[in-house]
Amino acid sequence: MAVEIPKRMYKGNIRPITLGVGDKAVTVGGETSLPFYLFEGERPNPPRIAMEIWDMEPEDWPEHALEPFKDVIHDPALWAKKCVEDYGAEMICMQMIGTDPNDKDIPADQAADTVLKVLDAIDGTPLIIWGTASHEKDTEVLKLICEKTHGKNLSIGPVEEGDHKAIGGSIIAYEHTCVSSSPIDINLAKQMNILLGTLGVSDEKILIDPTTGGLGYGIEYSYSVMERLMLAALTQEDERLQFPMINNMAKEVWKSKEAKITPEEDPLMGDPKKRAITIECVTALLLLLGGSDILVMRHPESIKYIREIISDFMAAN
Amino acid sequence: MGYKVRFEPAGREMELAPDETILQGAMSAGVHINASCGGSGTCGKCKVKIIKGETTVPPMPMLQAWEVKEGYRLACMTKPLTDIVVEIPVESQIDSSVLRRERAGFAKVLSPQDIHQLVGGWTIDPTVFKRYLELPPATKEDNMSDLARIYRALKQEYGFDRVSTDFRAIKKMSKLLRDADWKVTVTMVLTRRGHKLVNIEPGDTVEKNYSIVVDIGTTTVFGQLLNLHECQVFGCPGFDVDGAERYTLAVASDYNPQISYGEDVISRIVYALKPGGLERLQEVVVRSINKIITELLKMANVERKYVSHMVIAGNTTMTQLFLGMNPRYIREDPYVPTANFLPPVRAIHAGIELGDHVHIYMFPMVASYLGGDIVSGVLGSGIFQRDDLTLYMDIGTNGEIVLGNKDWMMSASCSAGPAFEGGGIKFGMRATRGAIEQVRISPDTYEPMIMTIGRARAKGICGSGLIYMVAELLETGIIDQSGKFMHTLSTNRVRKGEDGYEYVLSWAGENAIGQDITLTEIDIDNLIRAKGAIYAGCKVLLNQADMTFNDLDRLIVAGGFGHYIDLEAAKIIGLLPDIPEEKFMFVGNGSLLGARLLSFSKDLLKEAERIANMMTNIELSNFPSFMDEYVAAMFLPHTDETAFPNIMKIIKAEKAA
């Protein structure tokens with residue numbers, strides 16, 4: 001006798017949000033069920049992977065992370081171009097690490113120039129700009145970037161409670177999308193979105209960054225808050241939480257000791273490249289299961305695996 | 001019966017009680033009139049013109065003689081004598097959109113007469129009472145001892161059997177009886193073992209029998225003087241206790257001086273464990289209670305020797321510190337107090353400066369973090385007698401909450417911090433003369449309209465003023481729902497001060513302290529934390545009983561943050577739930593309420609013990625959901641807007657206007 005699997009009906013759904021403009025614009029969200037529960041609902045837009053680039057040459061990346069980008073890593077525009085052309089990136093996430101006031105402190109105008117060059121190089125591929133979470137500097141840098149890229153519908157983040165008024169204002173004025181960031185708490189995530197709404201950010205222009213921990217570094221917290229966000233959005237119809245989620249995971253994964261350690265330092269840890277890619281893949285997989293709509297990833301090989309997994313999951317049923 | 005007041009050009013009408021000023025009327029009618037001196041008649045900003053009807057003509061040095069002649073008055077000082085029509089001049093109002101919603105005032109503070117409504121089934125029968133005796137002098141024939149003579153008279157006159165006597169009374173008895181020509185008054189106490197004679201005085205002093213009740217709060221100490229003979233809170237006729245005519249009880253309060261050694265109970269306990277710490281904490285609180293007693297006696301013009309009873313309610317830590325009992329184990333797992341039921345303690349042994357016959361009764365306690373103050377509140381508010389499902393909230397430094405009715409009770413306490421008592425607020429103060437207690441802000445000009453306790457020049461902001469203030473800031477869009485100031489408003493009232501953004505309530509030249517009185521973002525943060533903790537505590541407690549705010553029949557609010565609390569403002573900031581107005585009741589200081597009852601009726605002593613025994617205390621820190629509820633409540637009014645449907649409607653309507 002056939003077993004009928006009970007189906008749950010969800011009252012709410014995640015809003016579809018379009019990032020970028022033109023032919024290559026990407027729409028994320030729109031799901032009407034829990035992640036990949038395609039037997040209960042629809043997922044019109046698969047989760048997307050944004051490939052990560054930095055605004056400066058990274059100094060602390062392990063050899064195996066640098067290797068695929070060796071020839072372009074000195075130039076963010078070339079780097080971005082390679083991601084798109086060689087690795088088929090559908091989105092680029094540019095980390096403004098160099099603007100960190102505690103590090104290189106690259107001035108805002110210089111940072112904005114780099115962004116413009118990158119935009120030029122990627123020919124319409126949607127771009128995510130990720131600041132340093134230093135409220136003062138981000139306000140300066142992100143505001144200028146918004147202004148210089150008017151109408152390109154970049155995704156600008158992290159927009160936090162402490163700087164949302166300044167950055168949010170520019171995001172509205174220059175027609176970009178807002179990455180609403182809060183520290184691993186469903187209530188704080190909702191409060192941020194209410195505040196953005198009050199400020200005038202349209203509901204078509206919000207992504208949620210629930211704050212991401214890497215594997216072994218708090219991913220369980222990220223996972224459970226993402227699950228709660230999904231449930232609140234779908235089952236409680238909490239309209240201030242019905243936005244797609246983005247996980248800026250690459251830098252969390254790759255800064256861990258386990259992703260960097262060499263065989264000389266600890267032979268028991270095995271092949272470093274395989275290890276780091278595995279960690280990145282497992283992190284990505286968990287976040288997908290938690291409900292992520294955009295993953296920011298680093299290594300082309302991990303990205304390849306995760307793309308396959310996504311297409312398998314989307315093909316099931 | 002009051003007078004009709006019509007405000008022009010707004011065209012709003014309202015009824016004003018005869019002793020209320022035009023400014024008070026405007027405040028409750030939602031008509032904006034600029035006012036910045038708190039109603040003391042010194043700023044001259046609330047100038048209005050009486051175009052019809054008669055009013056009082058107070059001295060108004062701020063106005064020119066011709067202005068007075070033409071009917072101009074200061075709204076804060078003028079009361080109507082007939083129905084009147086008031087015109088608000090252009091300086092005071094901008095356009096009709098200044099008109100705000102009328103505010104439903106919260107239920108009044110309970111007066112002593114209301115006690116009977118809250119708690120029924122008890123008779124006036126104080127534990128400590130006096131009886132007048134006229135004894136036959138000792139003769140050769142009737143030569144029984146002095147004491148036996150008194151016993152005989154007590155039995156013959158009043159039917160008291162098996163009376164015991166305190167040795168101190170016996171010691172002074174012989175001479176006193178003869179000097180007083182055998183006419184004396186004895187003070188009797190009912191103990192577990194029967195009546196005890198504790199004092200003897202010459203002549204008839206039966207009518208002079210007073211009790212002092214004290215609430216030792218973590219932040220504030222309150223005291224009241226009661227007249228046990230007439231069983232009422234001692235009134236001070238003609239004595240303007242607090243500058244305000246309506247405030248005529250003999251009540252005195254002061255900050256708990258232990259604050260200097262730590263703001264919360266935990267830091268006090270830590271201090272008490274240092275060498276000499278416990279003695280120091282005891283000494284300072286006893287000194288402040290003595291000061292309050294002296295003040296009360298002076299206010300009411302009562303002689304110290306006629307005080308014969310004292311009741312103290314306080315949280316467990318405060319009670320133990322007052323008595324010099326080591327509080328260490330309150331703070332250490334498994335968190336047990338020394339005793340929930342304490343025997344009466346002789347006042348002089350605790351360092352209290354009252355007659356040596358006076359005993360102090362401590363309210364029984366429930367647990368380490370649920371003390372006699374809350375038992376007292378439950379007793380005083382009558383929850384223990386009713387079928388109605390009641391939530392009792394005592395809003396203080398420790399927010400204590402009790403849910404239940406006559407059959408069952410659950411309780412919890414949550415650390416709210418001292419914000420509601422003015423602590424941790426830059427210009428915070430207790431609810432005394434000069435404290436800003438009511439505020440309205442014009443949504444057009446962002447100018448405030450403030451009223452102070454005692455209608456004196458402003459000195460600071462008390463808890464009720466703070467609630468009002470934050471609600472107004474939110475409604476007028478000066479702050480957002482996370483309590484942060486908007487930076488782009490065209491007003492000099494919002495500015496960046498040394499502690500970040502702030503709103504100037506009163507300029508230096510207009511108030512009593514000579515510097516700008518402001519409310520800072522940090523103050524608002526502290527208030528949001530405090531209200532968040534209390535709301536979250538209530539939510540978790542209700543969840544435990546599988547109930548919601550909507551299941552409540554009654555919600556009793558207690559707290560010493562002001563004379564009254566604006567119900568709507570308290571809902572707007574999310575301190576109180578969005579449930580119908582008629583379910584709320586505000587009892588002021590609930591702890592004193594119960595302490596008064598205990599002074600008046602010995603039967604209620606047993607009830608207090610029963611209440612303490614029947615309460616089931618839950619420890620909020622054991623509930624992971626508490627943290628979640630807390631974060632959700634740290635928003636104005638709340639992250640879950642569906643829990644505040646009516647309030648959200650108001651906020652959204654104001655925004656749209």
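Domain bounds, as used here, come from an automatic or database domain assignment. By this assignment, chain B is divided into domain 1 (3-102), domain 2 (128-202), domain 3 (383-417 + 527-656) and domain 4 (420-525). The C-alpha centres of domain 2 and domain 4 of chain B are 60 Å apart. The model is predicted: local features need pLDDT of at least 70 and side-chain atom pairs count only at pLDDT 80 or more, whereas totals for chains, interfaces and linings use all residues. Residues are numbered from 1 along each chain as its sequence is written, with chains lettered from A and ligands numbered from 1 in the order in which they are written.

In chain B, five strands form an open sheet of mixed pairing, in the order β2-β1-β5-β3-β4. Helices (H or I, at least four residues) and strands (E, at least two) are DSSP runs, numbered from the N terminus, and two strands pair if DSSP finds at least two bridges between them. The edges of this sheet are β2 (12-16) and β4 (72-74) of chain B, each of which pairs on one side only. From one strand to the next, the twist averages 35°; axes are lines fitted to C-alpha atoms, for helices over the stretch in contact, and angles run from 0 to 180 degrees between N-to-C directions.

Strand β1 (residues 3-8) of chain B runs antiparallel to β2(B), to which five bridges join it. Within this pair, B:Val5 stands opposite B:Met14, and B:Lys4 has B:Glu15 as its bridge partner. The hairpin of the two strands β1(B) and β2(B) has three residues between them, and there B:Gly11 adopts a positive phi near 75°. With β5(B), β1(B) runs parallel and is joined by four bridges; B:Val85 is the bridge partner of B:Arg6. A residue is buried if 20 or more other C-beta atoms, placed from the backbone, lie within 10 Å of its own.

Elsewhere in chain B, helix α6 (residues 265-272) has as its buried residues B:Val265, B:Arg268, B:Ile269 and B:Ala272. Viewed down the axis of α6(B), these fall within an arc of 100°, so they line one face of the helix; the arc is that of the directions from the helix axis to the C-beta atoms. An α-helix has 3.6 residues a turn, so residues three or four places apart point the same way. The cover over the buried residues of α6(B) includes α7 (277-300), α8 (316-322), α9 (328-331) and β18 (398-404) of chain B.

In chain A, eight strands form an open sheet with parallel pairing, in the order β8-β7-β6-β5-β4-β3-β10-β9. Its edge strands are β8 (206-209) and β9 (246-247) of chain A. Three bridges join β6 (residues 155-159) to β7 (residues 177-181) of chain A, which run parallel, and A:Ser155 has A:Thr177 as its bridge partner. Helix α3 (residues 108-122) of chain A packs on the sheet, touching β4 (91-95) and β5 (127-130) of chain A, and its direction makes about 160° with that of β5(A). Residues are in contact if their C-beta atoms, placed from the backbone, lie within 7 Å.

Methods:
A residue is buried if 20 or more other C-beta atoms lie within 10 Å of its own, exposed if 12 or fewer, and partly exposed in between; C-beta atoms are placed from the backbone. Two residues are in contact if their C-beta atoms, placed from the backbone, lie within 7 Å.
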